[in-house]
Amino acid sequence: MKKLLKYFKGYTLQCILGPLFKLLEASFELLIPLVVASIIDVGIKNGDKPYIIKMCIIMAALGLIGLICSVTAQYFAARAAVGFTKKLRHALFDKIQSFSYAKLDKLGTATVITRMTSDMNQVQTGVNLTLRLLLRSPFVVLGAMVMAFTIDVKSALIFAAAIPVLSIIVFGIMLISIPLYKKVQSRLDEVTQTTRENLTGARVIRAFALEDREKAAFENKNDGLTAVQRFVGRVSALMNPMTYAIINAATVWLIYTGALRVNSGVLSSGEVVALYNYMSQILIELIKFASLIINITKSVACARRIGDILEISGSEHTGSMPMKKGGDIEFKNVSLRYDEAGDNTLTNISFKVKSGQTVGIIGGTGSGKSSLTNLIPAFYRASSGEILINGQNINDIDTDSLRKNVAVVPQRAVLFSGTIRDNMRWGNAKATDEEIYKALETAQATDIIKSKENGLDSIIEQGGRNLSGGQRQRLTIARALTKNADILILDDSSSALDFATDAKLRTALKNIDNKPTVFIVSQRTSSIKHADIIIVLDDGYAVGIGTHSQLLESCDVYREIYDSQYKKESSNA
Amino acid sequence: MKNRSTLREIFIYLKPYTVLIILSVLFSAASVVSTLYIPILIGRGIDCIVGAGRVDFVHLKPILIEVIIVACTTAVLQWLINTINNRITFKTVRDIRNAAFEKIQELPFAYLDSHPSGEIVSRVIADADQFADGLLLGFTQLFTGIVTIIGTLIFMLTIHVGITFIVVVLTPLSFFMAKFIAKRTYSMFREQSQTRGEQTAFIDEIIGNQKTVKAFSREKPSIEKFDEINDRLEKCSLRATFYSSLTNPCTRFINSLVYTGVGLGGALIAVGGGISIGSLTCFLSYANQYTKPFNEISGVITEFQNALACAARLFELIHEQPQSADGSLVLKDTQGNVELENVSFSYSPERELIKDLNLNVKSDQRIAIVGPTGCGKTTVINLLMRFYDVDRGNITVDGENIQKLTRRSLRRSYGMVLQDTWLKTGTIRENIVMGKPDASDEEVVAAAKAAHSHSFIKRLPKGYDTVISEGGEGLSQGQRQLLCITRIMLCLPPMLILDEATSSIDTRTEVRIQKAFARMMEGRTTFIVAHRLSTIREADVILVMRDGNIIEQGNHTDLLQKNGFYAKLYNSQFEET
C-alpha cells in the first residue's frame with residue numbers, strides 16, 4: 001500500500017495545496033455564526049442598520065472567498081487524483097507486461113483486468129475525495145468545538161461530550177455494516193453466477209428439462225441476497241435517527257445552559273444562537289465524514305489489490321546473450337513442475353533435434369505436449385535439466401532475442417483488432433506485403449484475403465469475431481510465418497481445419513524457404529507420421545522417441561494411438 | 001411516453017406493498033413536519049432568553065421538553081421509514097429479478113444465441129441494482145424533499161412573508177446552477193467514458209491474450225499504445241472531474257447568499273421589531289435546510305432517471321417474446337422413429353439455411369451428419385431438440401408432430417452431448433446426476449466407469465464431491481467432455497444426440513469410450529455429428545451436408561463408391577504428404 005505513495009511524486013504541491021485551500025474555506029465557514037451573533041448582539045440590539053448591512057456584506061464576502069478557495073482546492077485535488085491514477089495505471093500495465101506465463105497463470109487474466117479497470121477508477125475517486133474532504137470534516141467538527149470554547153467554556157463542554165458520543169454511533173454503525181456489505185457482495189456474486197450459468201448452459205438445462213429446478217435455486221439465492229440486504233439496511237437505518245435524537249438532546253442541554261449563563265450575565269443571546277449554529281454544523285459534517293470513510297475504505301481495498309500486483313517481485317528471467325542463428329535443440333533430462341501442481345508435468349525428457357528437422361509430438365490429453373513446446377520459447381522455465389539451443393543454455397539467452405527466433409502458433413487462435421496487415425506484422429514489424437502474401441499462401445489463407453473487399457486492409461474485430469474458427473487458425477499460422485524464425489512451433493493448430501486443408505498445409509510447411517526446425521503437436525498420427533523425429537508423451541514421460549516405423553515396432557502407446565485412428569479405418573475402407 | 005409505461009410497470013411490481021407504501025408516505029410527511037417544527041420551538045426557546053436576569057424559565061422549560069419529545073418521535077419515525085423503504089425496495093427488486101430469471105428460462109434460443117450472455121447478466125444484476133438504488137433514493141429523498149420544501153414554505157410564511165419571499169426568490173438559483181454545470185459537463189463525461197471504454201477494450205484484448213503478446217515480444221508496442229490512450233484519458237478525465245466538482249462549491253455559495261439575504265432582511269426587520277431574534281434564528285436554520293432538498297432533488301432526479309432507464313431495460317427483457325407455446329402431449333415409451341418432412345429453416349430471413357429437408361429415421365438407427373463447418377449440422381440438432389422451431393414442414397417422433405408434444409417430454413427422450421462442454425458450479429456428482437437427480441452412488445460410479453471418467457474423478461481432491469466452477473477450471477477440455485458423457489450414461493434416454501461429443505478426447509481414450517457408446521447406442525436412435533470420420537463410419541445412414549442441404553445420403557461403403565463429396569472428405573484424411 002505505502003509503496004503506491006511514490007506515484008504521487010510530481011503532484012506533491014497539489015496534494016498539499018488541495019486540502020489546504022479546503023481548510024481555508026472551512027475556516028471562513030466557521031466564522032459565519034460569529035458574524036450572525038454580532039448582528040444580533042450589536043446590530044439588532046442597538047438598531048444599527050448600517051452595521052447590519054456591513055456585517056451582511058462581510059458574510060457574502062466570506063462566501064465568495066470560500067467559493068474561490070474551494071474551486072482552487074477542487075482543481076488541485078482533481079489534478080493530483082487524475083495524474084496519480086494515470087501513473088499508477090501505466091505502472092501496473094508495465095508490470096503485467098513483464099510477467100512470466102507462470103505468474104499470469106497464477107493471477108488469472110480476469111483478476112488483472114479488474115485491477116486495471118474498475119479498481120483503478122475507484123482509486124481515482126478515492127484519492128480525489130480524500131484530498132478534498134478527509135481533512136475538512138474533522139476540521140469543521142473540531143473547529144466548531146474550538147469556536148464554542150472561545151465563546152463560552154462551560155457551554156462548550158457540551159460539545160466535548162456530544163462529539164465523542166456521536167462519533168461512536170456514526171463509526172460504530174459503519175464498522176458493523178462494512179463487513180455486512182462484503183456479505184451482500186458475495187451473495188450478489190452468487191446470484192450473478194447462477195444467472196450467467198443459466199445463460200451459457202441454457203441448452204443443457206433445457207435438454208434435461210431442469211428449468212423449474214433452476215428457477216427454484218435462483219429464487220433461493222435471490223432470497224438470501226435480499227435477506228442480507230435488508231439486514232444491512234436495518235443496521236445502517238439506525239444512524240440518522242440516533243444521531244438526530246442525540247444532537248437535539250445536546251441542543252436542548254445547550255440552550256438550557258445558555259439560558260442560565262445569559263441570566264447570570266455571562267453570555268449574550270446572540271452568543272447562544274452562535275453556539276446553536278455550531279452544534280448544527282457538527283452533525284452535518286459527521287455524517288458526511290462517515291460516508292466519506294465508506295468510500296475511502298472501498299478505495300483503499302482497491303488500492304491494496306493493485307499494490308499486491310505491483311509488489312509481485314521479479315519480472316521474467318532473461319539471459320544476456322543474443323541467440324545464435326540456427327535451430328539445433330537439445331533437451332537434457334528436462335523436468336517441469338508448475339508452481340501449484342504437486343506432480344511433475346514433464347519428467348526427464350531428453351532428445352536432440354538438428355536445424356531444419358521436423359519434430360512430431362503426440363500423446364493423449366494432458367500428457368504434456370503443450371508444456372514441452374512452451375519450454376522452447378522459455379514461456380516456462382524447466383524445473384530441472386538443461387535445454388540447449390544451438391549449444392547455448394536457454395537460460396543464458398536474452399529472452400527477447402530468443403522469442404524473435406521462435407515462432408509459435410498457439411492452440412487458441414487469437415487475433416487482435418486492427419487490419420489483417422497489422423496482425424500479420426505482429427511477427428515482423430517490417431514485413432512487406434509480398435512477404436505477408438507468401439506467408440498467407442503457405443498457411444492456406446489466401447482465399448480469406450480474396451474473399452474480403454479490402455484485402456490486407458480488411459478490419460479484424462476484437463477477438464477476430466468476424467472470422468470463422470478455421471479462418472482465424474490459418475491467419476495465426478500466417479502471422480507466425482512472417483517471423484521467418486529458425487524454430488516454428490505448431491501447437492495443435494490445425495484442429496479447426498478440415499482434413500484436406502490440413503494436408504495441404506503440411507505440404508506447404510515442408511517447402512518454407514528458410515527451413516526452420518518445425519515442431520508439430522497433434523493428436524492425429526496423420527499429422528506427424530512423416531516427421532523426422534516423433535516424441536510420444538504419456539503422463540509427462542517420453543515413452544517413445546523415433547521415426548514412425550521405429551515407433552510402430554517399439555512403442556505400445558504409439559501403436560495404440562495409431563491403430564485407434566488408422567489401421568482399422570484403412571482395413572474397413 | 002416510454003418513461004410513463006415503465007413507471008406504470010414499476011407500480012405493478014409495487015402493488016403488493018401498497019400498505020407499506022402508504023405507511024411510508026404518512027410517516028415521511030409526519031417526520032418532515034416534526035423536523036421542521038423543531039427550529040420553531042428552538043426559536044421560541046431563544047426568545048425566552050432575553051438578557052441578563054430576564055430569562056423566562058417558566059416558558060423555556062416546557063418548550064425544551066417538547067423539543068426532546070418531538071425529536072425522539074421524529075427519530076423513531078425516521079427509523080421506521082428507512083426500514084419500510086428498505087423492505088419495499090429490496091423485495092420489489094427481488095421480485096423483478098425473479099421475473100427476469102423466469103423469463104430467461106423461457107426465452108427462445110434465437111434470442112439467447114443472438115445476445116451476449118454478459119449483456120443479459122448485466123441487466124439482471126447491474127441494472128436491477130441500479131434500479132434498487134434509484135428506487136430507494138427516490139423513496140427516501142424525492143418525497144421527503146418535496147414535502148420539506150412545501151412544509152418549510154408554509155412554516156416560513158406563518159412567521160414572516162417578506163423574508164420568505166427572499167428565500168423563495170433566491171433558492172432556485174442554486175438549482176439552476178447545478179443544472180447548468182451538469183449540462184456543461186455532460187459532454188465531458190461522455191468523452192471520459194468513451195476514452196475509458198476504449199482503454200478497457202484495449203486492456204481486455206492485450207491482457208486477455210497476454211501470452212500471445214509475449215510470444216510475439218509485443219510488450220513494448222502495447223505499452224506505447226496503452227500510454228497514448230492513457231494520456232488522452234488523463235486529459236479528459238481531469239476536465240470531467242474538475243468541472244463536475246464545481247457543482248458543490250457553487251451551490252454552496254448560492255446557499256450562503258440566501259443565508260446572507262435572510263440574515264440581512266431578517267435583521268433589518270428585527271430592528272423595527274417585525275420579528276423576534278428567535279424567529280430570525282429559526283429562519284436562518286430554515287434557509288440552511290431549504291436549499292438542501294433542492295440540491296438533493298436534482299441529484300435524485302438524475303438517479304431516478306437512471307433507475308428508470310435500468311428498469312426499462314429489465315422490463316424489455318421481461319417482455320421479450322417467449323418461445324412458442326408448448327405442446328400438451330406427453331411423449332411416452334419413445335420408440336425413436338423420427339421423421340423430417342420438407343423441413344425448411346433459417347436463422348435470419350435473408351439467408352435460407354435448410355431447405356426441404358427430408359429424412360426418415362427408424363428406431364434403433366444410427367445417423368451420422370458430416371460436412372464442413374457452417375453447413376448446418378448443428379442446426380439439425382437445434383430443430384430435433386426443438387431449440388428452434390421449423391419455418392416450414394414437420395418433424396415427428398413416433399408419428400407425433402413435435403410441436404404438439406411438451407418440450408419437457410421431447411427433450412427428456414434425447415440424451416445430448418455437445419461439443420461445448422457446459423458444467424455448472426457444484427460438485428462433480430451434482431453435475432453427473434442432472435438427468436437423474438435421485439441416482440444412487442452406485443449408479444453414478446457405474447456410469448462414470450462406463451464413460452472412463454471414474455479414474456480421473458477418483459484422483460480429484462474430494463472425488464465425486466469436488467466442487468468445480470462454471471468454467472470447469474482445473475479440468476481439461478477432455479475431462480469435461482467425459483463428465484458430459486457420464487451425465488448421459490447415467491440417465492440413458494431412448495434417443496441420443498452426440499454433437500462432436502469426443503472432439504477433445506484423445507484417440508486412445510476415445511476408442512475405449514466408443515465401446516461404451518456402442519453399448520449405449522444399442523436399441524437407441526442416435527444422431528452423431530463429428531469431424532472424425534472414424535466415428536462416423538459405422539453409421540446406418542450418413543448425411544453429407546453442404547450449405548444447409550443434404551447432398552449425399554447413404555452408408556459408408558455406398559458413399560465411397562459414389563466417389564462424391566464424402567469420398568473427397570474421407571480421402572483427404574489419409575492423403576500422403
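How many residues does the largest nonpolar core have, and which of them have the most contacts inside it?

A: In this predicted model, the largest nonpolar core comprises 110 residues, and B:I369 and B:I528 are those with the most contacts inside it. Among the contributing elements, helix 3 of chain B (residues 57–106) gives the most, namely ten residues. The core can also be placed relative to the domains: domain 1 (1–160 + 298–323) and domain 3 (420–492) of chain B both supply residues to it, and it therefore lies between them. Another core, of 108 residues, lies apart from this one; A:F331, A:L481, A:I520 and B:F242 are among its members.

For chain B it lists, besides domains 1 and 3, a domain 2 (174–274). Taken over C-alpha atoms, the centres of domain 1 and domain 3 of chain B are separated by 48 Å. Chain A is likewise divided into domain 1 (2–152 + 267–311), domain 2 (317–405 + 487–501 + 514–573) and domain 3 (411–484). In chain A, the centres of domain 1 and domain 3, again over C-alpha atoms, are 52 Å apart.

Burial can also be followed along a single element of chain B. Helix 12 of chain B (residues 377–384) is mostly covered, with six of its eight residues buried. These are B:K377, B:T379, B:V380, B:I381, B:L383 and B:L384. Just after this helix, B:R386 adopts a positive phi of about 60°.

Helix 2 of chain A (residues 49–98) packs with helix 9 of chain B (residues 219–244) at an angle of about 165°, their axes being 9 Å apart. Since angles over 145 degrees count as roughly antiparallel, that description applies to helix 2 of chain A and helix 9 of chain B. Their crossing is right-handed. By class, the contact of these two helices has nine nonpolar, eight polar and seven charged residues.

Note on methods. Residues numbered from 1 in each chain as written. Chains lettered and ligands numbered in written order. Predicted model: local features only at pLDDT ≥ 70, side-chain atom pairs only at ≥ 80, totals over all residues. Axes fitted to C-alpha atoms, helices over the stretch in contact; angles between N-to-C directions. Helix = DSSP H or I, 4+ residues; strand = E, 2+ residues; numbered from the N terminus. Parallel < 35°, antiparallel > 145°, perpendicular 65-115°, else oblique. Left-handed = near helix turned anticlockwise from the far one by under 90°. Nonpolar A, V, L, I, M, F, W, Y, C, P; charged D, E, K, R; others polar. Domains from an automatic or database assignment. Core = buried A, V, L, I, M, F, W, Y, C linked by C-beta atoms within 7 Å. Buried ≥ 20, exposed ≤ 12 C-beta atoms within 10 Å, placed from the backbone.
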